[in-house]
Amino acid sequence: MHDAPPSLEPIRRAPKVLLHDHLDGGLRPATVVELADECGYRDLPASDPEALGRWFVADTPRADLVRYLEGFAHTVAVMQTARALERVARECVEDLSNDGIVYAEVRFAPELHTERGLELDAVVEAVLEGLSAGMMAARRAGRPIVVRALLTAMRTAARSLEIAELAVRYRDGGVAGFDVAGAEAGYPPTRHLEAFTLIQRENFHATLHAGEAFGLPSIWQALQWCNAERLGHGVRLVDDISVAEDGTVVLGRLASYVRDRRIPLELCPTSNVHTGVVGRLEDHPIGLLRRLSFRATINTDNRLMSGVTLSSEMARCCRAFGWDWSDLRWLSINAMKSAFYPFDDRLALINGLIKPGYDALEAESAFRVSSTVGS
Ligand SMILES: [Zn+2]
């Protein structure tokens, strides 16, 4: 008897791990409205939280990255004070914890939050304070979660070395690594070599947005020049994989390297549909990459702009690819293994929380199936 794919409600209770989520892409619409009021920002496209929420979801098919990025002008505009940053970070942790996430790395670009005079250090400190407050509240609510920050440098700017130094400076205060993001075309990651070299010399961690809108050269540079440990998206790696009509799969050298070395792919299916990287979710390479046992992870990217949670993303993929609990367990363990978090702590979460959590959900679903058959 074939079991129905896991649905949203039990997935929300599953212990999940999120590695690719942007702080400025995950605000609550009501918070955007309130913060805009507080700081006198008058350019919001709607003042009613519900209408604003709808505006943010850029779900026009094949919209491009530029349209998708429009929403960030508004969220970033209201995240220019320590108080605002602290609040957004705290609410982010609450929202992730309410979605059943047990470990997350949330990223933001400090250089985007200095328009009203905040220093880079003050930006980072405000966010870290918000993350701590959120973790404390989640613990009190009986839904403990660990959240770490990744500091992002903008590809199109020239401050990456400064941001890498900033990340290293706060490594013991809650910053887990470094990232570079922004439009890929015309801005190869090798422009930021100095920053990545610093991260390496300091034995620190880096992931890198690569292979989202742009193809294999960007992935190759991220890995072989910048020494990125994980690929932010990396979805265009499929350009190096050919599947013949009889189902035979041939991996190119880069795809083989990524799979053999177990390099984690931070895949964000719905976001890729919204930015036009992939036409339909059903055609997203995550299905193929999972079948071929790449170190795939599933992520939200921008919860507000994509109108998703990690749970809803998993539920959609279960329907699209026929996934069951074993797939969701595999993705969650993959993500935990790939986290920029100490080895012992990763193991403790995998063995103490993630595996038992999925065991229980699988047992529950098996029980449901057998009682349906019995009735
Ligand atoms: Zn991203």
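1. Helix H7 (residues 160–169) and helix H8 (residues 193–201) pack at an angle of about 20 degrees with their axes 7 Å apart, where axes are lines fitted to C-alpha atoms, for helices over the stretch in contact, and angles run from 0 to 180 degrees between N-to-C directions. H7 is therefore roughly parallel to H8, a label for angles under 35 degrees, whereas those over 145 count as roughly antiparallel, 65 to 115 as roughly perpendicular and the rest as oblique. This is a predicted model, in which local features need pLDDT of at least 70 and side-chain atom pairs count only at pLDDT 80 or more, while totals for chains, interfaces and linings use all residues. Residues are numbered from 1 along each chain as its sequence is written.

2. The crossing of H7 and H8 is right-handed, meaning that the near helix is turned clockwise from the far one by less than a right angle, anticlockwise being left-handed. Ser160, Leu161, Ile163, Ala164 and Glu165 of H7 make the contact with Glu194, Ala195, Leu198 and Ile199 of H8, contact requiring C-beta atoms, placed from the backbone, within 7 Å. By class, this contact has 6 nonpolar, 1 polar and 2 charged residues; Ala, Val, Leu, Ile, Met, Phe, Trp, Tyr, Cys and Pro count as nonpolar, Asp, Glu, Lys and Arg as charged, and the others, Gly among them, as polar.

3. Helix H2 (residues 29–39) and helix H3 (residues 49–56) pack at an angle of about 110 degrees, their axes being 8 Å apart, so that H2 is roughly perpendicular to H3. H2 passes H3 in a right-handed crossing, and the contact is formed by Pro29, Ala30, Val32 and Val33 of H2 together with Pro49, Leu52, Gly53 and Phe56 of H3. These contact residues divide into 7 nonpolar, 1 polar and no charged.

4. The 21 residues of helix H6 (residues 120–140) should span 30 Å at 1.5 Å a residue, and the end C-alpha atoms are 31 Å apart, which agrees. The buried residues of H6 include Val123, Val124, Leu128, Gly130 and Gly134, buried meaning 20 or more other C-beta atoms within 10 Å, exposed 12 or fewer, and partly exposed in between. The buried residues of H6 pack against helix H5 (82–98), strand E2 (101–108), strand E3 (146–154), H7 and strand E4 (175–181). Just after H6, Gly142 takes a positive phi of about 80 degrees.

5. Phe343 lies in helix H16 (residues 343–374) and counts as exposed, with 8 C-beta neighbours inside 10 Å. Phe343 and Ala84 are 259 residues apart in sequence and 33 Å apart in space, C-alpha to C-alpha.

Conventions: Helices (H or I, at least four residues) and strands (E, at least two) are DSSP runs, numbered from the N terminus. Two residues are in contact if their C-beta atoms, placed from the backbone, lie within 7 Å. The expected span of a helix is 1.5 Å times one less than its number of residues.
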